Amino acid sequence: EVEPEWTLALFLEELAALRETLGLERVHLLGTSWGGMLALEHALAHQETLHALVLSSTMASAAEWEVEVKRLRDALGTDDEDEAMSRLAARHIYRRDGEPSELRRMRAEPRAEVYEAMWGPNEWTVSGSLRGWDVRARLGEIQVPTLVLRGAHDLSTPAVASTIVKGIPHAHEVVFAESSHMPVLEETERYLAAVREFLYAVEAR
């Protein structure tokens, strides 16, 4: 069996195939973290097929993300890489006590190979196929209603998020005060309410 080439193009093909198979002609598209990068690329290629775009805890530039996460890592007060990853996760990825089933399931999946091939060994080192990914100069092309979501303690820092908010015309941002990188799990009710309110407003136009 030939290993797939873990690239953005592969996932864009999968998204297009999914939409075709399900007969989804026009949709509201929500992407979280890496999924937000994918959603941005899909919107730039096919925005006539979108009603609206929701970008959650994501970025418009891999290099900008790398700089910001290195800054967060340096503030953790440790040079030990494993300790840094553990502290980064506790402060900036999921801040609640315990571990929800969604995170346990995600960790059980064989995703490390894909993560490393596409991103790198950790959040602050971009060495995979997404190295150099940058759509900042093209954000102004997106004309569909756009909601930008992030946690106040997110890896998607104010600088990272503001690039998207300022770049996409009429984009609207909601920040979840008690959340980091997973506000859908950290402040579920408020997160769903924000998405629901946005989609209802779009549908009402």
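**Cores and helix packing in a predicted model**

Q: Which residues touch the most other members of the largest nonpolar core?
A: This is a predicted model, where local features need pLDDT of at least 70, side-chain atom pairs count only at pLDDT 80 or more, and totals for chains, interfaces and linings use all residues. Numbering runs from 1 along each chain as its sequence is written, and side-chain values use heavy atoms, with hydrogens and water left out. A nonpolar core is a set of buried (under 20% relative accessible area, 1.4 Å probe, protein chains only) Ala, Val, Leu, Ile, Met, Phe, Trp, Tyr and Cys residues joined through side-chain atoms within 4.5 Å. Of the 40 residues in the largest one, those touching the most other members are Leu-40, Leu-53, Trp-119, Trp-133, Ile-142 and Ile-168.

Q: Which element gives the most to this core?
A: Helices here are DSSP runs of H or I, at least four residues, and strands are runs of E, at least two, numbered from the N terminus. H1 (8-22), E1 (27-32) and H2 (34-46) are among the elements that each supply at least two residues. With six residues, the top giver is H2.

Q: How are H3 and H4 oriented to each other?
A: The axes, lines fitted to C-alpha atoms over the stretch in contact (heavy atoms within 4.5 Å), come within 10 Å. They cross at roughly 105 degrees, on a scale from 0 to 180 degrees between N-to-C directions. Angles of 65 to 115 degrees count as roughly perpendicular, so H3 and H4 are roughly perpendicular.

Key. Angles under 35 degrees count as roughly parallel, over 145 as roughly antiparallel, 65 to 115 as roughly perpendicular and the rest as oblique. Buried means under 20% relative accessible area, exposed over 50%, partly exposed in between (1.4 Å probe, protein chains only).
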